[in-house]
Amino acid sequence: MFMGRQKRQELIQKAEWLDTLSLHCGIGLWDAILYEGDAMHPKARWTWSSEFRRLCGFTSEAEFPNAVQSWSDRLHPDDVAPTFAAFTQTCQTGIGYDVKYRLKVKDGSYRWFRATGGVVLDDNRKPRRACGSLVDIDDLVKAETQKRDSIHQLASDFESAIGKIVRTVSSASADLESSARQLATTADTSQNLASNVAAASEEATSNVQSVATATDQLSSSIREISQQVQESARIAGEAVGQARNTTDRVSELSKAATRIGDVVELINTIA
């Protein structure tokens with residue numbers, strides 16, 4: 001009798017402990033008694049905790065019955081296959097699963113959850129019982145998605161900026177190459193001009209020397225001409241003196257001729 005009451009007391013305490021965890025731990029719990037190893041069989045018995053229902057937006061068993069369809073029918077279509085594959089593998093191996101999937105909650109939207117669970121195998125390694133937990137990770141997944149999108153956007157912006165820089169550098173390189181070619185051409189032209197200027201400078205130097213020589217010769221010629229002019233002036237002066245003497249002589253000869261004429265006329269008269 002005493003052992004019976006003690007056992008009942010222990011069961012009551014465990015039930016209270018489980019109810020407390022179910023209501024306040026923030027984790028949705030579930031349990032399933034499989035029928036001949038089949039979790040989806042109509043005779044399989046499923047139990048959802050109050051917290052499991054609350055995470056999905058429901059408050060009562062009437063809204064979320066203790067049936068597998070209450071959960072399976074709410075799986076996102078893209079998550080059905082991988083979720084059932086993970087559960088099937090657990091049923092075959094006895095190794096627990098850890099998956100992420102989306103469930104349609106009461107307001108019709110989908111939220112992300114993390115589900116972990118395992119099974120109890122019988123002596124024939126056939127699953128007879130399964131249990132697991134559910135945690136809402138929707139905010140975390142959305143934050144990670146936003147972070148990933150931001151990183152992708154940053155990467156895209158960085159790639160675009162790098163592309164612009166590469167195009168700018170490429171264009172600048174092309175301009176620089178063109179400028180280098182023009183500079184090389186200008187350098188060749190400048191070298192040719194320098195050579196021409198050097199040749200012209202040498203020619204000008206030679207011409208200057210020739211002009212200097214010619215100047216010296218001209219100066220010598222001018223001095224010689226000056227001397228000849230002076231000599232010519234002297235000769236001209238002497239010629240002028242001789243001309244005056246000649247004029248005087250001619251005048252005397254003219255007078256003598258006149259006298260001779262008179263004498264001849266006298267002779268003619270006498271004759």
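Where does E36 lie? Select E36 and look. E36 sits in the loop between strand 1 and strand 2. Keep in mind throughout that this is a predicted model.

**Stop 1: the whole chain**

Zoom out before going further. The protein has five helices and five strands. Read from the N terminus, the elements follow the order α-β-β-α-α-α-β-β-β-α. Colour by burial: of the 271 residues, 18% count as buried. Contacts across the sequence also matter for this tour. Among contacts with a separation of 6 or more, 44% are between residues 24 or more positions apart.

**Stop 2**

Five strands make an open sheet, in the order 2-1-5-4-3, with antiparallel pairing. Strand 2 and strand 3 (97-104) are at the edges. Each has a single partner strand, so one side of each has no neighbour in the sheet. Now turn the view to look along the sheet. On average, neighbouring strands are turned by 25 degrees against each other, direction ignored.

Next, select strand 1 (residues 28-33) together with strand 2. These two run antiparallel and are joined by four bridges.

Strand 5 covers residues 127-136 and is antiparallel to strand 1, with six bridges between them. Click I33 here. Its bridge partner in strand 5 is R129.

**Stop 3: the two faces of strand 2**

Select residues 45-48, which are strand 2, and show side chains. Which residues of strand 2 point to one face and are buried? They are W46 and W48.

**Stop 4: the aromatic cluster**

W30, W46, W48, F52, F58 and F64 form one aromatic cluster. Across the model, the count of aromatic pairs comes to ten. W46 and W48 make a stacked pair, with 5.3 Å centre to centre and 25 degrees between the planes. Both W46 and W48 are buried.

Now compare W48 with F52. Their ring centres are 4.7 Å apart and their planes stand at 40 degrees, so this pair is tilted. Check burial too. W48 counts as buried because its relative accessibility is 4%. F52 counts as buried because its relative accessibility is 1%.

Then centre on W30. Leaving out residues up to four places away in sequence, W30 touches W46, T47, W48, F52, F87, Y97, A130, C131, G132 and S133.

**Stop 5: the nonpolar core**

The largest nonpolar core has 28 residues. Those with the most contacts inside this core are W30, W46, F52, W71, Y101 and L103. Colour the contributing elements: strand 1, strand 2, helix 2 (50-55), helix 3 (68-72), helix 4 (80-93), strand 3, strand 4 (110-121) and strand 5 each supply at least two residues. Which strand gives the most to this core? Strand 3 does, with four residues.

**Stop 6: D138 in helix 5**

Jump to helix 5, residues 138-270, and select D138, which lies in this helix. Is D138 buried or exposed? D138 is buried, because its relative accessibility is 1%, under the 20% cut-off. The D138 side chain reaches the backbone nitrogen of W112 at 3.0 Å. Beyond its neighbours within four places in sequence, D138 contacts Y110, R111 and W112.

**Stop 7**

Finish where the tour began. E36 has a positive phi of about 50 degrees, although E36 is not a glycine. Its relative accessible area is 61%, so E36 is exposed.

Now select R125, in the loop between strand 4 and strand 5. R125 is not a glycine either, yet has a positive phi of about 60 degrees. R125 counts as exposed because its relative accessible area is 51%, and the cut-off for exposed is over 50%.

Definitions and conventions
Residues numbered from 1 in each chain as written. Predicted model: local features only at pLDDT ≥ 70, side-chain atom pairs only at ≥ 80, totals over all residues. Heavy atoms only, no water. Buried < 20%, exposed > 50% of the residue type's maximum accessible area, 1.4 Å probe, protein only. Pairing = 2+ DSSP bridges. Polar contact = N/O pair within 3.5 Å; in protein donor to acceptor, adjacent residues only side chain to side chain. Contact = heavy atoms within 4.5 Å. Axes fitted to C-alpha atoms, helices over the stretch in contact; angles between N-to-C directions. Core = buried A, V, L, I, M, F, W, Y, C linked by side-chain atoms within 4.5 Å. Phe/Tyr/Trp six-rings, centres within 6.5 Å; stacked < 30°, edge-to-face > 60°.
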